[in-house]
Amino acid sequence: MLTIKQITENTDAVIRGLEKKHFKNAKETIDQVIAFNDKRRSTQSILDNNLSEVNSISKSIGQLMKEGKKEEAETAKSRVAELKEVNKTLQTEMDQAAEDMQNLLYTIPNVPYDEVPEGVGAEDNVVEKMGGMETELPKDALPHWELTKKYDLIDFDLGVKITGAGFPVYKGKGAQLQRALINFFLDEARKAGYLEIMPPTVVNTASGYGTGQLPDKEGQMYHCEVDDLYLIPTAEVPVTNIYRDVILEEKQLPIKNCAYTQCFRREAGSYGKDVRGLNRLHEFSKVELVRIDKPEHSRQSHKEMLDHVEGLLQKLELPYRILRLCGGDMSFTAALCFDFEVYSEAQKRWLEVSSVSNFDTYQANRLKCRYRSGEKKTELCHTLNGSALALPRIVAALLENNQTPEGIRIPKALVPYTGFEMID
């Protein structure tokens, strides 16, 4: 959530940033926020003056009674009673203005950094880097949904029977490959200094608001209505909320956490060839990185996270590219985001496998996640997160890009985890 200080001190820059994200009615919305804030502040000022007057008059009443000035004392009492009634109304007005302002702030996305490209959608993203090994496949190469059937790795129809579309059943070496990737990703994160967390996979409403999934992505989340709990779309939500309403010491930063969880997304409106097989699921496995840092170090943290994800893709021997997302394709909460995509040779298309984002103070302001600096001042932290990595499309690319006439080859880095070199 944007801070009032950000909005009032840099109003024009905030509006320009929101327009870069194609946020409708940016100027009108910011003007309304400022109006609510002005109303809250002016009402607060009147209320403070009235409370000061009540205190002053109340102190004088006893002295007036001692001096026998009963009539003046009664007049003073009447004035106090009158002010108290006025103050009740002022308090209600101030609380309402603050609530209206807060509710409106929740609907406003983060302001992108200057280096975020202009653009409306994915076609306007900037390719920062390409890497990995080029793949040469047999002429009769199969897409992963046919490979999983051929080698009995994943049963999509069985998932439909048990739950519905988008909930596959992994079997045999398919299940082993999933577990191998999870352990590989977690071990690599641990080597990089991340503390592993095993969080709940359901969260309360406050947690959803804390990281910005609510109210923006409410329609994409599975809601357990009886208990008012949400299935997590990413481990970012529970792990980042560990630091909600927490004041950290400067020496604790940066905090580096990682977590493996199942993730749940409704993906409403998704259809067509791009959602076949593992391309888009409602339930999937993911290892997530979360960092909490000081503002002046968050850029370095972001770079370290990008390097970490790139290193994973290199070890998996997959062709990849890194995209700097344009304003129109960025998430609601991000100030700067890079996507990693792997190339699916059999499908002839790029598949997104990670987003690595810097949220600046946006989430921290919602979370009230602060740190105490050397001057003993409390300041908002910066939060960052990134997939390292999401499994479904990694599995799709591994199966498709490593198919041979003898079977599917397992990358060397994964063999110690799978216990086999070939799926045949």
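**Sheets and helix packing in the predicted model**

Tyr371 has Glu379 in strand 15 as its bridge partner. The structure is a predicted model, in which local features need pLDDT of at least 70 and side-chain atom pairs count only at pLDDT 80 or more, while totals for chains, interfaces and linings use all residues. Residues are numbered from 1 along each chain as its sequence is written, and side-chain values use heavy atoms, with hydrogens and water left out. Helices (H or I, at least four residues) and strands (E, at least two) are DSSP runs, numbered from the N terminus.

Strand 14 (residues 370-372) and strand 15 run antiparallel and are joined by 3 bridges; two strands are taken to pair if DSSP finds at least two bridges between them. They belong to an open sheet of 3 strands with the order 8-14-15 and mixed pairing. Strand 8 (247-249) and strand 15 (378-380) are the edge strands, each pairing on one side only. Direction ignored, neighbouring strands of this sheet are turned by 35° against each other on average. Here and below, axes are lines fitted to C-alpha atoms, for helices over the stretch in contact, and angles run from 0 to 180 degrees between N-to-C directions.

A second open sheet holds 8 strands in the order 1-11-12-13-16-10-9-4, again with mixed pairing. Strand 1 (126-131) and strand 4 (195-197) stand at its edges; each has a single partner strand, so one side of each is left without a neighbour in the sheet. From one strand to the next, the twist averages 25°.

Strand 10 (residues 283-293) runs antiparallel to strand 16 and is joined to it by 7 bridges. Along this pairing, Lys286 stands opposite Ala390, and Arg291 has Leu384 as its bridge partner. Strand 13 (residues 349-358) also runs antiparallel to strand 16, through 3 bridges, and there Ser357 is partnered with Asn385.

Which strands does helix 10 touch where it packs on the sheet? They are strand 1, strand 10, strand 11 (320-324), strand 12 (336-344), strand 13 and strand 16, and the helix direction makes about 0° with that of strand 16. His308 is found in this helix, which spans residues 298-315. His308 counts as buried because its relative accessibility is 11%. Leaving aside neighbours within four places in sequence, His308 is in contact (heavy atoms within 4.5 Å) with Glu188, Ala189, Ala192, Leu289 and Ala388.

Helix 7 (residues 172-191) and helix 12 (residues 391-401) pack at an angle of about 115°, their axes 11 Å apart. That makes helix 7 roughly perpendicular to helix 12, on a scale where angles under 35 degrees count as roughly parallel, over 145 as roughly antiparallel, 65 to 115 as roughly perpendicular and the rest as oblique. Leu177, Gln178, Leu181, Ile182 and Phe185 in helix 7 meet Leu391, Ile394, Val395, Leu398 and Leu399 in helix 12.

Note on methods
Buried means under 20% relative accessible area, exposed over 50%, partly exposed in between (1.4 Å probe, protein chains only).
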